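Colleague: I'm new to this one. Could you walk me through how to read it?

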Amino acid sequence: MIDPETARLRLNRVFRDIFEDESLEIADSMTAADVEGWDSLTHIDLIVEVEREFGIKLSTAEVRGLKNVGGFLALIVQKAR
Amino acid sequence: MLSDAATQQFLPLLKALFSENAVTAEIYEAPFDAMELEVLNPAAGLYAFKPDVVVLIHSTQALRARYYEHGMSAEFDRMSRIWDALAAGGVVRIVQCNFALPYERPFGQFDQKVHQSLYAETRLLNSRIAQAAGERADVLVCDIESIASYVGRKHWFDERLWDMSKTFCRLEFLPHAAQAMVDLVLAGQGRMVKCVILDLDNTLWGGVVGDLGPMDVEIGPHGDGEAFYRLQKFLLSLKKRGILLAVCSKNDLANALAVFDQNPGMVLKRDDIAVFAVNWDNKADNIRSIRDTLEIGFDSLLFLDDNAFERNLVRNFLPEVIVPELPDDPADYVRAVSELNLFETTAFSAEDAARAELYRQEAGRRQAQSSYTDVTEFLKSLNMQITLGRFERSQIGRISQLFLRSNQFNLTTHRYTEAECTAMMEDESCIPLCASLSDRFGDHGLISIVVAWPQGDLMRISDWLMSCRVLGRGVEQYLMNHLLSMARARSLSRVSGEYLPSAKNGMVKDFWRNFGFENTAGNLWEIEVSAYVPTTTWINPAGIDNEGEKHD
């Protein structure tokens, strides 16, 4: 069982790396519209990097179903069990 | 760049890879999946851009989708129409990607016998691309299939990425595909390996010829020599396609040539080598002289050497020369070199095949000019550290082994057993010294032995030998400085040494003379302690760096 707060910190690190912004702070309500450079391509980079970071595999449906960062984090915590 | 897959991810990769090769690439990205629209329309952005090269990236996934709709019979004609339209539009170089073979096998293994299956049709399409490209000079094939099959289809395809973003393989393999494209484009600009420069001992054959002799190095189709034999077969195939082979080795030339001429296990013969630079000079100078002899650019030279020191020295002085890391195990040499995809070309003709011979003859006529590289800076940067002391019990095995095996840098070639080495260690009238060397690239272990005997006012040196791996570093100079200061500390007035010529130790025949010793009788040499001038070296006692600072 992965601790949600640890997962949040690790996810934040991934976001900072992918979007090359060391001051980026993720929030549950955050969506692609809130982050500069979050387009369909960096989205793929983000998914692949999250899979690597947490050792999980996300299905196409799960990726398509993502609404915001909070949902993403919840999915990660659930999958990383 | 035209594609039926997403190309956005390729852009930064291609730019970075070109820039690594000092090429600034401007890349025009045609709209997604609009190949015909672009190439058939003279007013398209493609033609306004006036490309030097057009890269056509066809994906297996898009091909599969078309196959399920209407089969694959029209695919090849469609492709060759695109080539023709590009040629008509003034494009002189086309890089056509072939297809990673699909993993779907609706017939199971029977698929092999069914011509209309997706797998069989894709395979056929690949071979038609290869055949057609072989008949026209403007089309080069970017062999995506070989990359995909090398990493494995199971890993290559990521259908999720295709579904989400039309990415045609897993992200981690995009750089491989991009590199393959860049390699072809650079080859089209004349950037290709024209000469492979080879070390000998433990690169072209196993073991040290100076120690084992020409007939006993490891080379041949079976056993320990097979790995080297395989490398030589591969090198011969390069030579047959016009790449020159040269030798750069620290060795005795007669010894080295004897292997080529006499050892029946050798694939490469003396005539296969365009230039031999076999001597005890540093390899950067020798590669310069090979280059001058052959009159080709440094950036078209590939240097293969199992020794990390030599690789780093060449990288340091000749940064344009391609110097790949070689794996520890010779069995993997060919694979390591192949993975780097170093042997691109854009054409092959009968002249290419004959080129090696022409160069070899020309090189024979020309006298290579020697140049001098200042290796001081390099030696300094190595931060070499030596551990020097009397024999210790734990070292006796290695010490005896060195006595038995060292042939080339060995002044007197006395062979001592472990018992005899132990006796010297315990003899207080004897000074049995051994030295270990390390540098920032690693530890060379025990590499030199000197045995001296103080007698009256004389210090007599009975044995001096060193591993050829550490030639040219200043180890013998460091040891000589050390011995002379020992003699001085003991108030001895003279130091004497001996050179006993053997079939293999010609490289040290002037050893004593070079240190200022005078020939007193026969093989005996002597120097007044007060007359000795210490040599500067860049070696420090273990734990002390070049600035005299102490470290752990």
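This is a predicted model: local features need pLDDT of at least 70, side-chain atom pairs count only at pLDDT 80 or more; totals for chains, interfaces and linings use all residues.

Colleague: How many bridges join E2(B) to strand E3 of chain B, and do they run parallel or antiparallel?

Modeller: The general idea is that strands of a sheet pair through backbone hydrogen bonds, in either a parallel or an antiparallel way. Here, three bridges link E2(B) with E3 (residues 94-97) of chain B, and the two run parallel. On to E1 (residues 2-3) of chain B: two bridges tie that strand to E2(B), again in parallel. Leu2(B) sits opposite Leu56(B) of E2(B) there.

Colleague: What is the order of the strands in the open sheet of chain B?

Modeller: It goes E1-E2-E3-E4, four strands with parallel pairing. E1 and E4 (139-142) of chain B are the edge strands, each with a single partner, so one side of each has no neighbour in the sheet.

Colleague: Which way do the side chains of E2 in chain B point, and are they buried or exposed?

Modeller: In a regular strand, side chains alternate between the two faces of the sheet. In E2 (residues 54-57) of chain B, Val54(B) and Leu56(B) point one way, while Val55(B) and Ile57(B) point the other. All of these are buried.

Colleague: Now the two chains. How many residues does each one bring to the contact?

Modeller: Chain B gives nine residues and chain A gives 12. Between them the chains bury about 950 Å², with 66% of it on carbon and sulfur atoms. On the chain B side, Arg160(B), Met164(B) and Leu171(B) lose the most area to chain A, together 59% of what that side buries.

Colleague: Which side chains meet in a salt bridge?

Modeller: Those of Arg160(B) and Glu51(A), at 2.4 Å from N to O. The count between chain B and chain A is one salt bridge. You'll also find three residue pairs in polar contact across this interface. Sorted by class, the side of chain B that touches chain A has three nonpolar, three polar and three charged residues.

Terms used: Residues are numbered from 1 along each chain as its sequence is written. Chains are lettered from A and ligands numbered from 1 in the order in which they are written. Side-chain values use heavy atoms; hydrogens and water are left out. Buried means under 20% relative accessible area, exposed over 50%, partly exposed in between (1.4 Å probe, protein chains only). Two strands pair if DSSP finds at least two bridges between them. Contact means heavy atoms within 4.5 Å. Buried area is the accessible area (1.4 Å probe) that two parts lose on being put together, summed over both. A salt bridge is a side-chain nitrogen of Lys or Arg within 4 Å of a carboxyl oxygen of Asp or Glu. A polar contact is a pair of N or O atoms within 3.5 Å; within protein, one must be able to donate a hydrogen and the other to accept it, and residues adjacent in sequence count only if both atoms are side-chain atoms. Ala, Val, Leu, Ile, Met, Phe, Trp, Tyr, Cys and Pro count as nonpolar, Asp, Glu, Lys and Arg as charged, and the others, Gly among them, as polar.
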